[in-house]
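Subject: Structure for you to look at, with notes

Dear colleague,

Please keep it open beside the text while you read.

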Amino acid sequence: MPLEALSLVPKAQAQQSMKDFRSDQEIRWCPGCGDYAILAAVQGFMPELGLAKENIVFVSGIGCSSRFPYYMNTYGMHSIHGRAPAIATGLATSRRDLSVWVVTGDGDALSIGGNHLIHALRRNVNLKILLFNNRIYGLTKGQYSPTSEVGKITKSTPMGSLDSPFNPISLTVGAGASFVARTVDSDREHLTGVLRAAAAHRGTALVEIYQNCSIFNDGAFTALKDKQQAQEAVIRLEHGRPIRFGPDDTRGVVRDRRTGDLEVVTVTPDNQADVLVHDAHATSPTTAFALSQLADPETLHHTPIGVFRDIDRPVYDTLMADQLDTAAERHGDGDLAALMTGGDTWRVG
């Protein structure tokens, strides 16, 4: 069954495999970098789309993650710092026959590229944005980033960072994104499942991927990867299922009836009925935002992963195409020369 979000993109003529999406370029990331796992997952997932390689485009900005287009045997563009969402927006709106993916990092997307990111999200352009978050600047050798925790000691903050970090999921939900998800580089099955859901979504889909930087921030996500710690640290969100986790699902998320805030409790027969059932399709972003705020920014304790939000909203590409069609019906193809020399002029001085 073809993915609805890609219904305008020509299908591949022959069955494809992971190797069809591997380029001939030497992969130049540091040993142990989480980018390797993400690349393998994306290359392994691409054949599921059933699309011709020539109709898939990866656009990146600047950073370690932004070498991604070199390693995909598709079309791609290694663009400029922070501007990947803007470039991808132009491409997606002018070429609706393409499947457009953005690869960016926490520094690239949330620092110089912050405005480009939020406007792509609010417009709901048909893009898939993979935001690699390693909580550090890796390419420029270890400065603190917009997602680094308070007190982080780095080359640029030898006495500890004073900045409160961005929460990418909270920021994305607040910008009105129609699809928001989080996953982890080393969990291949979960990562692929989230990619699958993002590809099926019509509109802007942002996936935050916790990605280990083995050189400058190694072990930043150990709490989510160590089997013992992960039982208490990771909350797996599944649409339509109660939000429970921990050993034997003994922990759950409920809403405080006094404040309306979410909190984690030990599940008992008395409060079992109060455990929230996850609704990724809820019209209101309130609960999705509250879920994004559960995790402790330093310890990552109680970190939800999975799809936070997946709603239907008008897609910018379609709205623009409809507007252009309407203008053509009313006014024909238009006259550029007449527009340039029209009467809407004035004299200065």
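Helix α3 (residues 84–94) and helix α5 (residues 114–123) pack with their axes 7 Å apart and at an angle of about 35 degrees, where an axis is a line fitted to C-alpha atoms, for helices over the stretch in contact, and angles run from 0 to 180 degrees between N-to-C directions. Helices (H or I, at least four residues) and strands (E, at least two) are DSSP runs, numbered from the N terminus. From α3, the residues Pro-85, Ala-86 and Thr-89 meet His-116, Leu-117 and Ala-120 of α5, contact meaning heavy atoms within 4.5 Å. Sorted by class, this contact of α3 with α5 has 4 nonpolar, 2 polar and no charged residues; Ala, Val, Leu, Ile, Met, Phe, Trp, Tyr, Cys and Pro count as nonpolar, Asp, Glu, Lys and Arg as charged, and the others, Gly among them, as polar.

Before going further, please note that this is a predicted model, in which local features need pLDDT of at least 70 and side-chain atom pairs count only at pLDDT 80 or more, while totals for chains, interfaces and linings use all residues. Residues are numbered from 1 along each chain as its sequence is written, and side-chain values use heavy atoms, with hydrogens and water left out.

On the α1 side the contact is made by Ala-37, Ile-38, Ala-40, Ala-41, Val-42, Gly-44, Phe-45, Glu-48 and Leu-49, and on the α7 side by Arg-188, Leu-191, Thr-192, Leu-195, Arg-196 and Ala-199. These residues divide into 10 nonpolar, 2 polar and 3 charged.

How far should the 15 residues of α1 span? At 1.5 Å a residue the answer is 21 Å, which agrees with its end C-alpha atoms being 21 Å apart; the expected span is 1.5 Å times one less than the number of residues. The buried residues of α1 include Asp-35, Leu-39, Gln-43 and Met-46, where buried means under 20% relative accessible area, exposed over 50%, and partly exposed in between (1.4 Å probe, protein chains only). Among the elements that cover the buried residues of α1 are β1 (56–60), α2 (68–71), β3 (99–105), β4 (128–133), α7 and β6 (205–210). Just after α1, Gly-50 takes a positive phi of about 70 degrees.

Most residues other than glycine have a negative phi, and two residues here are worth looking at with that in mind. Lys-141, in the loop between β4 and α6 (168–174), has a positive phi near 80 degrees, and with a relative accessible area of 43% Lys-141 is partly exposed. Leu-300, in the loop between α10 (286–292) and β11 (303–310), has a positive phi near 65 degrees, and at 4% relative accessibility Leu-300 counts as buried.

The loop between β1 and α2 holds Ser-65 and also Ile-62. Ser-65 is buried, with a relative accessible area of 6%, and, not counting residues up to four places away in sequence, Ser-65 touches Asp-35, Val-103, Thr-104, Gly-105 and Phe-132. Ile-62, at 33% relative accessibility, counts as partly exposed; leaving out residues up to four places away in sequence, Ile-62 touches His-78, Ser-79, Ile-80, His-81, Asp-108 and Leu-139. Between the C-alpha atoms of Ile-62 and Gly-76, which are 14 residues apart along the chain, the separation is 14 Å.

Two further loop residues close these notes. Met-159, found in the loop between β4 and α6, counts as exposed at 83% relative accessibility; Met-159 and Leu-121 are 38 residues apart in sequence and 35 Å apart in space, C-alpha to C-alpha.
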